[in-house]
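This briefing accompanies the sequence and coordinates shown below.

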Amino acid sequence: MKTIATLGSHCALQILKGAKDEGFETVIITKKSREGLYRRFDFVDNFIAVEHFSEITESAHLARLNELDSILIPHGTLISEVGIKKVENDLSIPFFGSRGILKWEADRDLKERLMKESDFRTPKIFESAEDIDRLTIVKRSGAAGGFGYFLAKDLASFNENMSRLRSAGILQSDEEVQIQEYVVGVPVYFQFFYSKVKNRLELIGIDRRYETNVDGLGRLPAWEQLEMKEGFFPSYLVVGNSPLVLRESLLNYVFEMGEKFVEACTRLVPPGMIGPFCIEGVYNEKGDFIAFEFSGRIVAGTNLYVSGSPYSSLLFDQPVSMGRRIAIEIREGVESGSIGKLLT
Ligand SMILES: Nc1ncnc2c1ncn2[C@@H]1O[C@H](COP(=O)(O)OP(=O)(O)O)[C@@H](O)[C@H]1O
Ligand SMILES: [Mg+2]
């Protein structure tokens, strides 16, 4: 019997609970400081304690994971703390999903290309600040956790914000930024699962994110906002998620979008999409969905639905979280002899 492994962070509890529910043994790679947290839960069977997650590529840890016949479930912390290069080159254990997609998610140009190939409506990108002719959001290139992004409506406000952020030490002088049309509307995050076993695209859940400090701005009267410009730096750091159900008439396009993304991945990112991914964007004033990014793996917003969501309940007769959905796929892959297609 195989063991399901993941790093102790992000959505680990949901993943391992789902694995246990499907009859797997579980192993967590946890920081020593958090081992106590994970010991509170009966569904965590084995522990590998580290000081830093990047130690996971050390041979002793890999040997233990392989001895347990582990399949690793990747999530955001694997990418942010271990890094794509190490995940691609040094992590010699079976990996659920596509390793290849990770770099398409991390690189803004590749990301843009895959979204265009998917035929998504996307915000206009401004190659030069001189061309800014509407409200834009200016994003830093690295994984900045949404800190140091700002809004600019023209060249002057772009330059003003750039120098403000540089003199505050938030932006490095040579740091590249991306200038993107700002879409006013409702930000929505679609949690999809593509099953290779069933050849089926599933919508597992939908969420909204609470991002600090921008989501706090609306709680202030306009006159207070006007006063606080000095020393105020917007941030889009996610602090939590809340559930959302969509108007049913909008759902058809959501599935079309997911299907097109899966097809684009088949063409550009072999062996194609496997398992969870997320499409992220804003519904504008006309109710059109404008996608600003995707994640090619499980997102933490799925933690809302440990006991199933309004959408997963339509597909399964039992509560199915994204974590459990992954475990079902692995179990069915093993049973049907197609597990090889799910691992990279
Ligand atoms: N084009 C846009 N229009 C409106 N809001 C946006 C746009 N792009 C991003 N945002 C907001 O900024 C947040 C962070 O942007 P995102 O592209 O997801 O950056 P990151 O790569 O750091 O996750 C989003 O979650 C959303 O709230
Ligand atoms: Mg994002």
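Helices H1 and H13 are oblique to each other, a class for angles that are neither under 35 degrees (roughly parallel), nor over 145 (roughly antiparallel), nor 65 to 115 (roughly perpendicular). The model is predicted, so local features need pLDDT of at least 70 and side-chain atom pairs count only at pLDDT 80 or more, while totals for chains, interfaces and linings use all residues. Residues are numbered from 1 along each chain as its sequence is written, chains are lettered from A and ligands numbered from 1 in the order in which they are written, and side-chain values use heavy atoms, without hydrogens and water. Helices (H or I, at least four residues) and strands (E, at least two) are DSSP runs numbered from the N terminus.

**The H1–H13 pair**

- The axes of H1 and H13 are 7 Å apart and meet at an angle of about 45°; axes are lines fitted to C-alpha atoms over the stretch in contact, and angles run from 0 to 180 degrees between N-to-C directions.
- Gln14, Ile15, Gly18, Ala19 and Asp21 of H1 meet Met322, Gly323, Arg324 and Ala327 of H13, where contact means heavy atoms within 4.5 Å.
- By class, this contact of H1 with H13 comprises four nonpolar, three polar and two charged residues, with Gly counted among the polar ones.

- H1 spans residues 12-21, and its buried residues are Ala12, Gln14, Ile15, Leu16, Gly18 and Ala19; buried means under 20% relative accessible area, with a 1.4 Å probe and protein chains only.
- The cover over these buried residues includes strand E1 (3-7), strand E2 (25-31), helix H2 (35-39) and H13.

**Threonine 6**

- Threonine 6 belongs to strand E1 and, at 0% relative accessibility, counts as buried.
- A polar atom of the threonine 6 side chain lies 2.8 Å from the backbone oxygen of isoleucine 73.
- Beyond four places in sequence, threonine 6 touches several residues, among them Ala12, Ile15 and Leu16 as well as Val27, Leu72 and His75.

**Serine 338**

- Serine 338 lies in the segment after helix H13 (322-335).
- With 14% relative accessibility, serine 338 counts as buried.
- The side chains of serine 338 and serine 336 make a polar contact at 2.8 Å, the term being used for N or O atoms within 3.5 Å, one able to donate a hydrogen and the other to accept it, with residues adjacent in sequence counting only if both atoms are side-chain atoms.
- Leaving aside neighbours within four places in sequence, serine 338 is in contact with Val197 and Gly333.

Key:
Buried means under 20% relative accessible area, exposed over 50%, partly exposed in between (1.4 Å probe, protein chains only).
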